[in-house]
Amino acid sequence: MFLENKYPIEELVKRCKAGERKAQEMLYKQFASKMLGVCCRYAADRMEAEDMMQNGFIRVFQKIEDFRGDGSFEGWIRRIMVHSSIEYYRKHHKMLQLVDLEEGGNEAATNPLATAKLAANDLLALIQQLSPGYRIVFNLYAIEGFSHREIAAIVGITEGASKSQLSRARSILREQVIKMEGKKYGYAR
């Protein structure tokens, strides 16, 4: 009988490659909450994030033979979830293509004290309010650590568009943080 956390990841991966459904279920249970968090950053709401995650896990189990053990398995799944989320948007939403700017990212830094006071859920809610194009570029750059060149290739936009979308996303988020902090402390804005 399979017991939760009885087998190390390597063993679960091996059993998943052999097509064992119980191993797939255990792997899913082990990573679902973390991967839902990844998908939430790209989704407009939780239901959409759950759809993205389900599609991602389908792809994980379809491609599990491709995992060679180079690097962490969690990182491998995470990459699949990011790509699955972007693919979901390509199918269900129109991507926003902005005019290229020669210089992106010249905006002033956000007040670190204001962001430190924001709860993670508040920040996630603000990110989810961004338009799909802004949200995807912001997540890929600020959270996943991709370069503008990599983002351009993944999303199918130019590097300049990636930079301008990141700049605009940061501006929108900055304004929303300022509004939230102002409401919190009774300042009108």
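R78 comes out as partly exposed, at 28% relative accessibility; here buried means under 20% relative accessible area, exposed over 50%, and partly exposed in between (1.4 Å probe, protein chains only). Its side chain meets that of E144 in a salt bridge, 3.0 Å from N to O, where a salt bridge is a side-chain nitrogen of Lys or Arg within 4 Å of a carboxyl oxygen of Asp or Glu. R78 sits in helix α4 and E144 in the loop between α7 and α8, so this pair ties together parts 66 residues apart in sequence. E144, for its part, is buried, with a relative accessible area of 19%.

Bear in mind that this is a predicted model: local features need pLDDT of at least 70 and side-chain atom pairs count only at pLDDT 80 or more, while totals for chains, interfaces and linings use all residues. Residues are numbered from 1 along each chain as its sequence is written, and side-chain values use heavy atoms, with hydrogens and water left out.

- Helices (H or I, at least four residues) and strands (E, at least two) are DSSP runs, numbered from the N terminus.
- The buried residues of α4 are F73, G75, W76, I77, I80, M81, V82, S84, S85, I86, Y88 and Y89.
- As a reminder, an α-helix has 3.6 residues a turn, so residues three or four places apart point the same way.
- The cover over those buried α4 residues includes α1 (9–17), α2, α3 (46–63), α7 (132–143) and α8 (148–155); contact means heavy atoms within 4.5 Å.

- E74 lies in α4 and K34 in α2, so the pair ties together parts 40 residues apart in sequence.
- R59 and E87 form another, their closest N and O atoms being 3.0 Å apart. With R59 in α3 and E87 in α4, this pair ties together parts 28 residues apart in sequence.
- R59 is partly exposed, with a relative accessible area of 23%, and E87 is partly exposed too, at 29%.
- E11, R15 and E20 are linked in a network of salt bridges.

**Aromatic pairs**

- The structure holds seven aromatic pairs. Rings of Phe, Tyr and Trp (its six-membered ring) pair if their centres lie within 6.5 Å; planes under 30 degrees apart count as stacked, over 60 as edge-to-face and the rest as tilted.
- Take F31 and F73: the ring centres are 5.9 Å apart and the planes sit at 65°, so the pair is edge-to-face.
- That pair links distant parts of the chain, with F31 in helix α2 (residues 21–42) and F73 in helix α4 (residues 73–92), 42 residues apart.
- F31 is buried, at 5% relative accessibility, and F73 is buried with a relative accessible area of 5%.
- F73 also pairs edge-to-face with F67, at 4.9 Å centre to centre and 75° between the planes. F67 and F73 are both buried.
- Together, F31, F67, F73 and W76 form one aromatic cluster.

- R41 is found in helix α2 and is buried, with a relative accessible area of 13%.
- Leaving aside residues up to four places away in sequence, R41 touches R78, L124, I127, R135, N139, I143 and E144. That list takes in both partners of the R78–E144 salt bridge.

**Cysteines**

- There are zero disulfides in the structure, a disulfide being a pair of cysteine sulfur atoms within 2.5 Å.
- C40 is in no disulfide, and the nearest cysteine sulfur, that of C39, is 7.4 Å away.
- C40 is buried, with a relative accessible area of 8%, and C16 is buried as well, at 4%.
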